[in-house]
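Take the ligand sites in turn, and then a pair of helices.

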Amino acid sequence: MHFVVCIKQVPDTTEVRIDPKTNTLMREGVASIINPFDVYAIEEGIRLRERVGGKVTVITMGPPQAEAALREAISMGADEAILVSDRAFAGSDTWATSYTLSMAIRKIGDASVIICGKQASDGDTAQVGPGIATHLDLPQITYVRRIDEIDDKRIVAERLLEDGHEVIESSVPCLLTVVKEINEPRLPSLRGKMAAKKAQITSWKAADLGADPARLGLNGSPTKVVKIFTPPPRGGGQMLAGEPEQVTARLVEVLKETVVGAAS
Amino acid sequence: MTQEPIKVIDDKCVGCRLCVKACPFGAITVGESRVAVIDLTKCTLCGACVEACKFDAIEMAPKAAAALPDAFSDYKDVWVFAEQSEGRIQSVTYELLGEGRKLADSLKMKLCAVLLGSNTKPLSDELIRRGADKVYVADRPELEYFQDEPYAAVLTDMVRRHKPNIVLCGATTIGRSLISRVAVATNAGLTADCTGLAIDPETGNLLQTRPAFGGNIMATIITPNNRPQMATVRHKVMKESESDAARTGEVLAQTVAEALLKTRTRRLKMVPEQGATVSIAEANIIVSGGRGMQKPENFAVLAELAGVLGGAVGASRAAVDSDWIPYSHQVGQTGKTVCPKIYIACGISGQIQHLAGMSSSDVIVAINRDADAPIFKVATYGIVGDALKIVPMLTSAFRKALGK
Ligand SMILES: Cc1cc2nc3c(=O)[nH]c(=O)nc-3n(C[C@H](O)[C@H](O)[C@H](O)COP(=O)(O)OP(=O)(O)OC[C@H]3O[C@@H](n4cnc5c(N)ncnc54)[C@H](O)[C@@H]3O)c2cc1C
Ligand SMILES: Nc1ncnc2c1ncn2[C@@H]1O[C@H](COP(=O)(O)O)[C@@H](O)[C@H]1O
């Protein structure tokens, strides 16, 4: 079976800081990482290959430097990597991103299971996975926390819900998005690291995809960002000092009304 | 070669780097040539640099005309997807109706709910009491519970036929799985996880404000050239509409073509989570514990306080990774984003990935032994002390105060 994993390179949010003077994100020197959820997606792709055989292809749409994310995926054990990169993709929202990735997956041709992370840590939308499935007219199972059964015709997986989980069967091919609970990602092996260094990364531009230019990048994106700002800081926190009895009494006093209101 | 969406006019640029500072995405550099260079792969065309430039040296392709194209006049009304589970409307739906009412009124349009399910009569009545002028209903046994493909196909079909101007949906597991498919199928713009919605009085566009980068920045997003405008909305941010038994409205039963009900997935089983009475996504109050709770048994202490307050128990990743509590309780970047009225953080240091999931809570209480813990920076009320001691005291104090 052919497992295609979509990964995104994102800034490492532990390091993102706001410049207090200009109120903007300070990106200088901020490391790029693989979107945390996508690491689970890569791991699950590799585990499925180990279970039923086949190969794992990782794919990313992004600037040339996103190649680093692909090499990291290869060091974990992915077999092949595709970088989809072109200036024409600049300004893509989730509509255009999922269209572009779907065209690339079409070009790959024989994907059995497409695996995405639940969401990307920069945009937090969780829209690209279902978007790809729709462009490709495929069934989907989102928020997967476990894959119970798989063969080349069907897959049974557990979807995590707010208040429990459901067990869903889908025909193959299909698209999954995965949550953190699904596995424990492995660290790259030494052999993996060597392979990553040498690996040939396939590179596709807009023209290679046979995509409709009107649906790419800014032109293909219905949504436009009109303003960026930093949220107002949480004003005036208060430290409650004193003996535990006093502090708890004070807390009850200030919170009681809200607690009663919340219950009604 | 197509025209660049944004460009620097080399003759005007003096290399002052104001734009470099203004760019929230680090997309601009000034190199040896001493003119600004915009990296289009990073640029989101937000326009911050255009505003910052004192020399009119950055030009952006003109934004869509201020007046809406004529074709948009076909697109009417504000729709709310009514999420239901086990014959019960989810509370986020009422929040959407509360917010949708304001939008509909300022557009002088109707507020409509869209309900998919089976035996829906009591639900559609309640949606009207909660403020819907019209309820579009697709009532079929096959739609009893959420299934991605038929739900998306039926909603897509309704959107195509009735042409709503705005479609709102809860930013829930179901909501996000569903509306992402519908938006792609109908060429609609979709903005995720909004915390603020308003109508631009000049253009009639929906101004959708949402946190990004784990809440470090906010972005306002519009869909100027496409209709409908779709958004998912974060739970617990908007105020629920009140139920008013005197309200009247129209229930419009929709015929559903057989072909729309086809599905390639099948639900084999539904397993509600054991033990947890309230999910953290829906809770108004969350009592959350981290590594500072020290052992799994101490989560029972938190559950007791949560029980008295009528809330749910949350956790940091450190607590989840130690197997003290299931992953479904994890708050933060790789867990859930929550926005309760009160969030009580016990023995949680407040690393940025945790804050990403809870910093928009109304009131944050932090209990931590370490006075320098970063959680105190976002706390409304901070207590430096031993959570293992303070939480039980808080439980009995609340029990008394609430007469429980
Ligand atoms: C990619 C990525 C994603 C992540 N996603 C998440 C996420 O979704 N959610 C999340 O929470 N974290 C996430 N993390 C982890 C995050 O960085 C922190 O490691 C984690 O939040 C720490 O949990 P903690 O506060 O419980 O533990 P610690 O940081 O160990 O803090 C424990 C705190 O308890 C205090 N304490 C100890 N004993 C007591 C006592 N008796 N009474 C009172 N206070 C006491 C200590 O002073 C300390 O401040 C992520 C990390 C990465 C790299
Ligand atoms: N540019 C991209 N390249 C490859 N995969 C992506 C890209 N953007 C998003 N994805 C995939 O879609 C998932 C959800 O992303 P998002 O909808 O942006 O939150 C991610 O976890 C990735 O698996």
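This is a predicted model: local features need pLDDT of at least 70, side-chain atom pairs count only at pLDDT 80 or more; totals for chains, interfaces and linings use all residues.

Residues are numbered from 1 along each chain as its sequence is written, chains are lettered from A and ligands numbered from 1 in the order in which they are written, and side-chain values use heavy atoms, with hydrogens and water left out.

Ligand 1 is surrounded by 26 residues, and the closest are Ser316(B), Thr334(B), Ser349(B), Gln353(B) and Asn368(B). A residue counts as near when one of its heavy atoms lies within 4 Å. The site is shared between chains, because residues from both A and B surround ligand 1. In chain B, helix 8 (317–321) and helix 9 (352–358) each supply at least two residues of this shell; helices are DSSP runs of H or I with at least four residues, strands are runs of E with at least two, and both are numbered from the N terminus. By class the shell has 5 nonpolar, 16 polar and 5 charged residues. Here Ala, Val, Leu, Ile, Met, Phe, Trp, Tyr, Cys and Pro count as nonpolar, Asp, Glu, Lys and Arg as charged, and the others, Gly among them, as polar.

A side-chain N or O atom of Asp386(B) is 2.7 Å from a nitrogen atom of ligand 1. A polar backbone atom of Gly347(B) is 3.1 Å from an oxygen atom of ligand 1.

Ligand 2 has 18 residues around it, of which Cys6(A), Asp38(A), Met61(A), Ala120(A) and Thr125(A) come nearest. Strand 6 (55–61), helix 3 (94–108) and strand 8 (113–117) of chain A each give at least two residues to the shell, and strand 6 gives the most, with 3 residues. The shell divides into 9 nonpolar, 7 polar and 2 charged residues. A backbone N or O atom of Met61(A) lies 2.8 Å from a nitrogen atom of ligand 2, and a backbone N or O atom of Gly117(A) lies 3.0 Å from an oxygen atom of ligand 2.

Elsewhere in chain A, two helices meet. Arg71(A), Ile74(A) and Ser75(A) of helix 2 are in contact with residues of helix 5, including Gly192(A), Lys193(A) and Ala195(A), where contact means heavy atoms within 4.5 Å.

Notes
A polar contact is a pair of N or O atoms within 3.5 Å; within protein, one must be able to donate a hydrogen and the other to accept it, and residues adjacent in sequence count only if both atoms are side-chain atoms.
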